[in-house]
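This report describes a structure in terms of its cores, its helix contacts and selected residues. Please read the text alongside the model shown below.

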Amino acid sequence: MHISIMKTKILHIQVLPKLSGVQRVSLEIMKSLPDSQYDKWILFSDSTDVGDREQCEREFRRAGVRVIYSNKMKRAIGLSDIGAVREIYRLCRRERFDIVHTHSTKPGVVGRIAATLARTPRVIHTVHGLAFHKFVGLPRWLFYWGCEMFASLFCDRIILVNRYYSKYFKWCARKVSTVYNGIDFSAYPGHLPVSQKGTTPRILFVGRLDTPKDPLTFLEAAKILIGEYPDAKFTMVGDGEKYGECKRFIRDNGLTASIDLAGWQQDVSSFYVSHDIFAMSSIYESFGLIFVEAAHYGLPVVATNVEGIPEVVSDGETGLLCNPRDPQALAKNMMTLIRHPELRDSFGQAARKRAYALFTSKLMTDRYKKVYWEQRKMPVT
């Protein structure tokens, strides 16, 4: 006798069809869900050309995911958000998803409201970052805080990627939990032992050249360090709205021979392998998969002590942390690691060990599958 098993129909909602950190989390989750048990969908915004859309689509389809687009959902706040809510509402009513899982701020607001209004049985949201932080003015802080708290009424579970954010959700603590991001280390090439690297110190920056990453502070620190170590080399991998400012800073300060702007790169493994230190100057950062990637390659980290970073980079054990927007302190920590190669090696080994213990894709996806299973078993009210 043939027994038909009803699949759980699940929709993830993202903004950019680009394989950066948040999208890679969705991809790993989807890859872990058996096709025999789940009917998997993902919705992206169709309003922004991000360059690697085709590859993003290809990877999700390879994981058995149906990729669709919204022409109403945009990154910026505006009247189009009303249209986005209506569009997602209609999609949820038509397709009757069992679970809608939103990611990040914009999808988290419009997606949760739309899915709840459409009476989706279970609505889950992962907070990959908060738009309210100490570097925005009070009016904007209150606006973004209000949007996040209001949207939190429209879901059954809230997943945080760090414990730091939990202070904002004490009022709804019963539906809040923390799941650290993770990566599949088997998909990454091996690392290069320290003894096989060159003697010239090489420092790597990987990330969007935008306000959250504060790349100008990184460049200020690089300038200070180059004054002490003229043979030091820096590589910045990434693109963004501050690319032009970074290029002008390098040119105007005569640093073109020391700092390479490598632009956006699909495969960053060769950069990790060839560098000695990973450095980041973020003014806010919810988690930072880049730190986990750096750990896989045995790179010690110099970064800022903000939001979720101290939960990924252990200060004095796997790297050195300092206050944001302090190029002197950032440069000092880089100099410490340059002067003490044995410390670099010790931090790098500890970082790799910690990443393998805490930040694997299996640990992450097992936690999400448990949430999905619990949500599926709960009766609809």
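## Basis of the description

The model is predicted; local features need pLDDT of at least 70, side-chain atom pairs count only at pLDDT 80 or more, and totals for chains, interfaces and linings use all residues. Residues are numbered from 1 along each chain as its sequence is written, and side-chain values use heavy atoms, with hydrogens and water left out.

## Nonpolar cores

In soluble globular proteins, nonpolar side chains tend to be buried together. A nonpolar core here is a set of buried Ala, Val, Leu, Ile, Met, Phe, Trp, Tyr and Cys residues joined through side-chain atoms within 4.5 Å. Buried stands for under 20% relative accessible area, exposed for over 50%, and partly exposed for values in between (1.4 Å probe, protein chains only).

The largest nonpolar core has 87 residues, of which F60, F234, Y272, F278 and F291 touch the most other members. Helix 11 (residues 327-339) supplies the largest share of this core, 7 residues. Helices (H or I, at least four residues) and strands (E, at least two) are DSSP runs, numbered from the N terminus. Another core, of 33 residues, lies apart from the largest one and includes L43, A84, A114 and M149.

Contact means heavy atoms within 4.5 Å. With neighbours within four places in sequence left aside, F60 is in contact with L19, Q23, S26, L27, M30, I42, F44, V65 and V67.

## Helix pairs

Axes are lines fitted to C-alpha atoms, for helices over the stretch in contact, and angles run from 0 to 180 degrees between N-to-C directions. Angles under 35 degrees count as roughly parallel, over 145 as roughly antiparallel, 65 to 115 as roughly perpendicular and the rest as oblique. For residue classes, Ala, Val, Leu, Ile, Met, Phe, Trp, Tyr, Cys and Pro count as nonpolar, Asp, Glu, Lys and Arg as charged, and the others, Gly among them, as polar.

Helix 6 (residues 215-228) and helix 7 (residues 243-252) pack at about 15°, with axes 10 Å apart, and are therefore roughly parallel. Their contact involves P215, L216, L219, E220 and K223 of helix 6 together with E245, C246, F249 and I250 of helix 7. By class, these are 6 nonpolar, no polar and 3 charged residues. Helix 4 (residues 105-117) and helix 5 (residues 138-151) pack at about 30°, with axes 9 Å apart, which makes helix 4 roughly parallel to helix 5. Here G108, V109, R112 and I113 of helix 4 meet C147, E148, F150 and A151 of helix 5.

Between helix 11 and helix 12 (residues 341-358) the angle is about 100° and the axes are 5 Å apart; the two are therefore roughly perpendicular. T336, L337, I338 and R339 of helix 11 make the contact with P341, L343, R344 and F347 of helix 12. This contact has 5 nonpolar, 1 polar and 2 charged residues.

## Individual residues

L289 belongs to helix 9 (residues 289-296) and is buried, with a relative accessible area of 7%. Beyond residues up to four places away in sequence, L289 touches G21, V25, N181, G182 and I183.

R96, in the loop between helix 3 (80-95) and strand 4 (99-103), has a positive phi of about 55° although it is not a glycine. R96 counts as exposed, at 65% relative accessibility. E307, in the loop between strand 12 (301-304) and helix 10 (309-312), also has a positive phi, near 40°, but is buried, with a relative accessible area of 11%.
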